[in-house]
Amino acid sequence: NTLKKAFLFNKVLLILFIVYFCIPKVGLASIDKFEIRVLDIVSILISLIVLSKIRLKGENVIYLSCFIILQIIVGYYYSSILSLLYLFRFFQYLLLGYGFYLLMMSSYRLNFLYTFFIIQVPICIMQYLRFIPNYDPGRGILYSSEFTGTFGTPAELAYFLIALVAIFM
């Protein structure tokens, strides 16, 4: 029964991460300078699933609480109430990173990698040949010979690939 739960947990993570990394960062709404994206919905689902695997010790809860309070104070000073959204996104990315680590340490890592590259490589080739545009939320739609896959910039794609190498080292 525990083994079935682990496979189900990893299979759900696999599907959600394929969706997360293989669709562009399309915005739904913007609040001041903070953009809410389709991927935020997917990442919230991933975060909620990953939270079920996290067990914090008492002293870590105190450190985390102090960090959150400090971030709220500093953020409120510089960005008013909008800082809460940035703090939320920061924790969202931390949970995404941990969830991705869990997926890469599971038996589904090769399934993810094969699917990821089967989706990304043709998109990158078509972008390089200028058949399809690059989409970056900051720059908009751009036809150029740089390839980004479903990531916003070539740098973001490179950071992801470097992170993959680091995980496997």
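Which residues line the second largest pocket? They are Leu-51, Ile-54, Leu-56, Leu-64, Ile-68, Phe-91, Leu-94 and Leu-95. Welcome to a predicted model, in which local features need pLDDT of at least 70 and side-chain atom pairs count only at pLDDT 80 or more, while totals for chains, interfaces and linings use all residues. Residues are numbered from 1 along each chain as its sequence is written, and side-chain values use heavy atoms, with hydrogens and water left out.

**Overall layout**

- The protein has six helices and four strands; helices (H or I, at least four residues) and strands (E, at least two) are DSSP runs, numbered from the N terminus.
- Along the sequence, these elements follow the pattern α-β-β-α-α-α-α-β-β-α.
- The C-alpha trace spans about 55 × 45 × 30 Å along the principal axes of the protein.

**The largest pocket**

- A pocket here is an open set of points on a 1 Å grid over the protein atoms alone, where a 1.4 Å probe fits, with protein on both sides within 12 Å along at least five of seven lines; lining residues have an atom within 4 Å of a point.
- The largest pocket has a volume of about 450 Å³, where volume is the space filled by probe spheres set on the points, and points are joined across faces, edges and corners.
- Its lining has 19 residues, and Tyr-20, Phe-21, Tyr-93, Phe-151 and Phe-160 are the closest to the pocket centre.
- At least two lining residues come from each of α1 (2–22), α2 (38–51), α4 (83–104) and α6 (154–168), and α6 gives the most, with five.
- By class, this lining has 13 nonpolar, two polar and four charged residues; Ala, Val, Leu, Ile, Met, Phe, Trp, Tyr, Cys and Pro count as nonpolar, Asp, Glu, Lys and Arg as charged, and the others, Gly among them, as polar.

**The second largest pocket**

- The pocket from the opening question has a volume of about 210 Å³.
- Its lining divides into eight nonpolar, no polar and no charged residues.
- Two or more of the lining residues come from each of α3 (58–79) and α4, with α4 giving the most, three residues.

- α1 and α2 pack at an angle of about 160°, with their axes 10 Å apart; axes are lines fitted to C-alpha atoms, for helices over the stretch in contact, and angles run from 0 to 180 degrees between N-to-C directions.
- These two helices are therefore roughly antiparallel, since angles under 35 degrees count as roughly parallel, over 145 as roughly antiparallel, 65 to 115 as roughly perpendicular and the rest as oblique.
- In the α1 contact with α2 (heavy atoms within 4.5 Å), residues including Phe-9, Val-12 and Leu-13 of α1 meet residues of α2, among them Leu-39, Val-42 and Ser-43.
- That contact holds 13 nonpolar, one polar and no charged residues.
- α1 and α4 pack at an angle of about 120°, with their axes 10 Å apart, and are therefore oblique to each other.
- Among the α1 residues that meet α4 are Phe-17, Tyr-20 and Phe-21, and the α4 residues include Tyr-93, Gly-99 and Phe-100.
- The contact of α1 with α4 has 11 nonpolar, two polar and no charged residues.

**A backbone detail**

- Arg-130 has a positive phi of about 65° although it is not a glycine.
- Arg-130 lies in the loop between α5 (109–128) and β3 (134–136).
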